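Please read this note beside the sequence and the model, and look up each residue as it is named.

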Amino acid sequence: MARAGRWGRARAARTSAAGPPGAVQTVDDAAPAAPPATSASAGAGAGAGDGGSEAAPEPGADQAPGPTVETESEAEEPSFQLRNLAPFLLIRAAHPRQALVTAVGMAIAAALAGRPSRELLLVLCTVLVGQVILGWFNDLVDRARDARHQRTGKPLADGRLDPGTVWFCLALAVFLVVPLSIANGRYAGSAYLISLAIGLAGQWVWLRKGFFSWLPWAASFALYPAFLSYGGWGGAAKGAPPELLVTGLAALLGIGVHLLTALWGLVADNEDGWTYLPLKLGLRIGASRLLWAAGTYTGLVLVGLAFAGTYVGLAQEPL
C-alpha cells in the first residue's frame, strides 16, 4: 500500500499539471502542497533528507540585525570639562604647590624680620609671580621629554595647552615681575631679578643634567636674604646687606630643595642618561632613603636659619 500510495501521488501530480482545470482527484492523490520554505529551512531540509547534497546558507545570512548596544567604553566623553579650561591649565603648568610654598615662606621670613603688613603682601606677590615664571619656563623646556615619558599632570606635554599661550602669559608675567621687584627697592629688586635670572638659566637641560645642577639652586636661594634685607616700600627704599651666615644657610637650603624636587623625575632622568647629583645619590642609597635624607637635611637647614635669624639677625648694619 505504501508503494501504491507513493506512485499514486506522483501520478496525481502529473495529472494536475497536465489535466484540464476542474479535474477530480482522489483522496489519496490530493496531498496538500507544502508551504514554500525559506532558504534557510529548505537548505536544512535538503541536508537532512539527502545527506547534505546542497550547501547550507551562512549563519545569520537571513537574520535581521539586532539592536546595537553601546558600551560604556564607546560612549563619547563630555566635550566640556572645567579642568581643561585654559586658566586652570595655566595654573597647573605653573607648579602651583612649589610656587605657593616658596612665596608664603618668603612672606613669613619677612614677617619675622619685622616688615609691615603692606610689605609682606608685596613680597608675597613678587615671589609668587617669579615662581610662576619659573614653573612655566620649566614645562616649556621639558615639553618634549615629558611627552616622551608620558608624565601625567603636564598640560603642555599632553597637548591640552598650547605653547604659544604659555609663552604669551610668561612674557606678561615678566613685565609684571619687574615693577613688583623694583617696588621693594632698587637693591632688593635687583637681587630678586638676578635670582630669577639664575633660576631661569638653571632650567636649561645641558646644565641640569650634569653634576653641577645644584649650583643654580644654591646661587638663586643665596640672593633671597638680600631681597629681604634690602627690601622696603617703594623704589627709593634702601635697607642693609644680609648677614653672611644667613646667606650661606639660604644657599644650603636651595640644595635641599633641589634634592626634594628632583626625586619625582629620577626614573625618567636615569633613562635619559643624566648624571646630576640627586640621581647619583638615588642610585647609591635608593630613592626612599634619599627622600628621608633630603627631608632631614632641609629641615635642619630651616632650623639653622631660624636660629641665625633670631640670634644673629637677617641684616647687617645699614649702609
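1. Basis of the note. The model is a predicted one, in which local features need pLDDT of at least 70 and side-chain atom pairs count only at pLDDT 80 or more, while totals for chains, interfaces and linings use all residues. Residues are numbered from 1 along each chain as its sequence is written, and side-chain values use heavy atoms, with hydrogens and water left out.

2. The nonpolar patch. Leu245, Val303, Phe307, Tyr311 and Val312 make a nonpolar surface patch of about 540 Å². Patches are made of residues with over 30% relative accessible area and no salt bridge, with like charges joined within 9 Å and nonpolar side chains (Val, Leu, Ile, Met, Phe, Trp, Tyr) within 5 Å. A salt bridge here is a side-chain nitrogen of Lys or Arg within 4 Å of a carboxyl oxygen of Asp or Glu, and accessible areas come from the Shrake-Rupley method with a 1.4 Å probe, where for residues only the protein chains shown count as cover.

3. Where the patch residues sit. Helix α15 (residues 287-311) gives the largest share of the patch, three residues, whereas Val312 is found in the segment after α15 and Leu245 belongs to helix α12 (residues 244-262). Helices (H or I, at least four residues) and strands (E, at least two) are DSSP runs, numbered from the N terminus.

4. Tyr311 is exposed at a relative accessible area of 67%, while Leu245 at 47% is partly exposed, as is Val312 at 41%; buried means under 20% relative accessible area, exposed over 50%, and partly exposed in between (1.4 Å probe, protein chains only). Leaving aside neighbours within four places in sequence, Leu245 is in contact (heavy atoms within 4.5 Å) with Ala308 and Val312.

5. Helix α3. Which residues of helix α3 (residues 86-93) are buried? They are Leu89, Leu90 and Ala93. Seen down the axis of α3, these buried residues fall within an arc of 100°, so they line one face of the helix; the arc is that of the directions from the helix axis to the C-beta atoms. The buried residues of α3 pack against α5 (117-141) and α7 (163-182), and the face turned away from the buried side carries the exposed residues Pro87 and Ile91.

6. Aromatic rings. Rings of Phe, Tyr and Trp (its six-membered ring) pair if their centres lie within 6.5 Å, and planes under 30 degrees apart count as stacked, over 60 as edge-to-face and the rest as tilted. By this rule the count comes to 11 aromatic pairs. The rings of Tyr192 and Tyr224 are stacked, because their centres are 6.4 Å apart and their planes stand at 20°. Tyr192 lies in helix α8 (residues 186-201) and Tyr224 in helix α11 (residues 224-229), so the pair ties together parts that are 32 residues apart in sequence. Both Tyr192 and Tyr224 are buried. The rings of Phe307 and Tyr311 are also stacked, with centres 6.0 Å apart and planes at 10°.

7. Positive phi values. Most residues other than glycine have a negative phi. His95, in the loop between α3 and α4 (96-112), has a positive phi near 55°. Gln150, in the loop between α6 (143-148) and α7, also has a positive phi near 55°, and Gln150 is exposed, with a relative accessible area of 67%.
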